[in-house]
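Open the model in a viewer and keep the sequence panel beside it. The stops below say what to select and what is found there.

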Amino acid sequence: MKIKAAVLYEVNSPLVVETLDLDDPKEGEVLVRLASAGVCHSDYHVMKGEWKAPLPMVLGHEAAGVVEKIGPGVNLSKPGDHVILNFRPNCGWCRYCAVGRPVLCNGADTARWMMFDGTARLHKGNQDINHFARTASFAEYVVVPQSGAVPVREDMPLDKACLIGCSVMTGVGSVINTAKVEPGSSVMVIGCGGVGLNVIQGAVLAGAGRIIAVDMLENKLAYAREFGATDIIDAGQGDTAARVRDLTDGGVDYAFEAIGNSKTILQAYESTCPGGVTTVVGMAPEDDELTINALSLPRMEKTIKGTWYGSARPWVDLPKMVDLYMSGRLQVDSLVSRTYPLDDINIAYDALGKGEVARSILLYD
Ligand SMILES: [Zn+2]
Ligand SMILES: [Zn+2]
């Protein structure tokens with residue numbers, strides 16, 4: 001079929017919105033007509049060349065829609081199902097899947113920008129187009145492995161559901177699944193964009209006492225307050241870690257870094273108390289290295305951990321996030337600062353680059 005999609009041909013150049021060919025779903029794959037897709041920072045890393053990926057590629061990994069057609073052997077969804085895309089489609093059987101860490105499974109031993117069988121469904125004439133994260137959601141339609149499309153209840157509005165597929169799951173999951181924050185504990189979050197705001201609301205859900213939000217931008221600190229931060233710190237004014245330690249009698253129990261930068265990861269680490277846990281949520285450029293004081297780890301019994309996709313078990317956790325939203329305990333609507341048609345995707349990324357938005361989304365008709 002012919003579909004409209006946004007293609008990255010060269011780093012540091014605008015995406016090209018054009019018509020591509022999309023093959024039918026093959027064995028174990030589903031075709032999804034998308035309703036919405038989030039404009040996330042991860043795609044931006046590829047656009048700027050900070051993450052290496054083969055081009056041309058259709059980016060996008062945070063999306064929701066309706067299953068239109070299924071390939072042979074599909075038994076996890078059927079046409080008409082409302083689904084949120086899972087950008088870590090998994091195999092179900094490897095040691096990571098078996099122990100409940102499907103995010104660490106690659107699904108198959110093939111490149112992550114192709115289907116599990118190693119071939120592309122997207123083409124332009126004779127040229128194959130790569131599928132970012134086996135998802136490629138900056139397109140009206142996607143073909144994905146069936147484990148990459150998680151059915152959810154139909155009363156969940158599909159225009160908002162996309163954000164549950166990355167930013168909500170990543171932020172809330174980092175607090176609940178990865179750090180396992182206990183009620184009453186003190187939390188700090190560096191970076192109050194789409195993911196950081198979800199760390200804040202995850203901390204609220206977990207019953208954290210003090211929630212300190214750190215950012216350089218006033219508009220993001222205002223969002224942070226709306227999402228439940230109890231204290232805000234403008235990172236442009238003095239030593240952030242020292243101020244956090246002052247505010248919290250020696251440091252927070254849990255620090256979260258939601259930018260993806262070794263300098264702010266170090267700030268987060270230095271803001272924790274002895275025994276504290278630093279969780280790195282932000283995705284740094286590939287060549288960024290972190291240096292910390294080695295003796296501080298044993299002497300202060302500190303922990304640094306990473307979290308990818310909020311350590312999600314997407315088939316359990318995405319429907320769980322939907323339930324929390326539907327019962328009014330998770331904010332998603334207020335994350336959406338702006339909406340754009342696919343044709344305006346480059347404008348949407350300019351706004352993200354300038355830090356103007358919490359999150360913007362693309363709406364497909
Ligand atoms: Zn994302
Ligand atoms: Zn697996």
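## First stop: a salt bridge within a helix

Select Lys320, which counts as partly exposed at 39% relative accessibility. The model is predicted.

Next, select Glu29, Asp117 and Arg121, which salt bridges with shared partners join into one network.

## Other salt bridges

The structure holds 18 salt bridges. For another of them, select Asp21 and Lys2, whose closest N and O atoms are 2.7 Å apart. Asp21 belongs to strand β2 (residues 16-22) and Lys2 to strand β1 (residues 2-8), so this pair ties together parts that are 19 residues apart in sequence. Colour by accessibility here: Asp21 is partly exposed, at a relative accessible area of 22%, while Lys2 counts as exposed at 60%.

Then move to Lys78 and Asp81, a salt bridge in which the closest N and O atoms are 2.9 Å apart. Lys78 is partly exposed, with a relative accessible area of 49%. Asp81 counts as buried, at 11% relative accessibility.

## The zinc site

Select ligand 1, the zinc ion. Which residues coordinate the zinc ion? The donors are Cys40 through SG, His61 through NE2 and Cys166 through SG, at 2.0 to 2.2 Å. Along the sequence, these donor residues follow the spacing C-x20-H-x104-C. Cys40 is placed in the loop between β3 (29-38) and α1 (41-47), and His61 in the loop between β4 (57-58) and β5 (63-70), so the pair ties together parts that are 21 residues apart in sequence.

Are Cys40 and His61 buried or exposed? Cys40 is buried, with a relative accessible area of 4%, and His61 also counts as buried, at 3% relative accessibility.

In soluble globular proteins, nonpolar side chains tend to be buried together. The largest nonpolar core in this model has 105 residues, and Val58, Phe138 and Ile200 touch the most other members. Strand β3 supplies the largest share of this core, 6 residues.

Another core, of 9 residues, lies apart from that one; select Ile190, Val244, Ala255 and Ala268, which are among its members.

## Ser186 and its surroundings

Select Ser186, in the loop between α4 (167-179) and β11 (187-190). Ser186 is buried, with a relative accessible area of 11%. Leaving out residues up to four places away in sequence, Ser186 touches Arg210, Gly251, Val252, Asp253 and Tyr254. For a distance across the model, draw a line from the C-alpha atom of Ser186 to that of Pro72: these residues are 114 residues apart along the chain, and the two atoms are separated by 50 Å.

## Trp308 and its surroundings

Go on to Trp308, in the loop between β16 (303-306) and α10. Trp308 counts as partly exposed, at 29% relative accessibility. Which residues are in contact with Trp308, leaving aside its neighbours within four places in sequence? They are Phe87, Arg88, Val103, Arg112 and Met283.

## The whole chain

Zoom out and switch to a cartoon view. The protein chain has 11 helices and 18 strands. Its C-alpha trace spans about 60 × 40 × 40 Å along the principal axes. A compact globule with 365 residues would have a radius of gyration near 21 Å, and the 20 Å of the protein chain agrees with that.

The accessible surface of the protein chain comes to about 14,700 Å², and 51% of it belongs to carbon and sulfur atoms. Of the 365 residues, 56% count as buried. If contacts are drawn between residues at least 6 apart in sequence, 70% of them join residues at least 24 apart.

Notes: Residues are numbered from 1 along each chain as its sequence is written. Chains are lettered from A and ligands numbered from 1 in the order in which they are written. This is a predicted model: local features need pLDDT of at least 70, side-chain atom pairs count only at pLDDT 80 or more; totals for chains, interfaces and linings use all residues. Side-chain values use heavy atoms; hydrogens and water are left out. Donors are N, O and S atoms within 2.8 Å of the metal (3.2 Å for Na, K and Ca); water is not among the atoms, so sites may look incomplete. Helices (H or I, at least four residues) and strands (E, at least two) are DSSP runs, numbered from the N terminus. Buried means under 20% relative accessible area, exposed over 50%, partly exposed in between (1.4 Å probe, protein chains only). A nonpolar core is a set of buried Ala, Val, Leu, Ile, Met, Phe, Trp, Tyr and Cys residues joined through side-chain atoms within 4.5 Å. A salt bridge is a side-chain nitrogen of Lys or Arg within 4 Å of a carboxyl oxygen of Asp or Glu. Contact means heavy atoms within 4.5 Å. The radius of gyration is taken over C-alpha atoms; the globule rule is 2.2 Å times the number of residues to the power 0.38. Accessible areas come from the Shrake-Rupley method with a 1.4 Å probe; for residues, only the protein chains shown count as cover.
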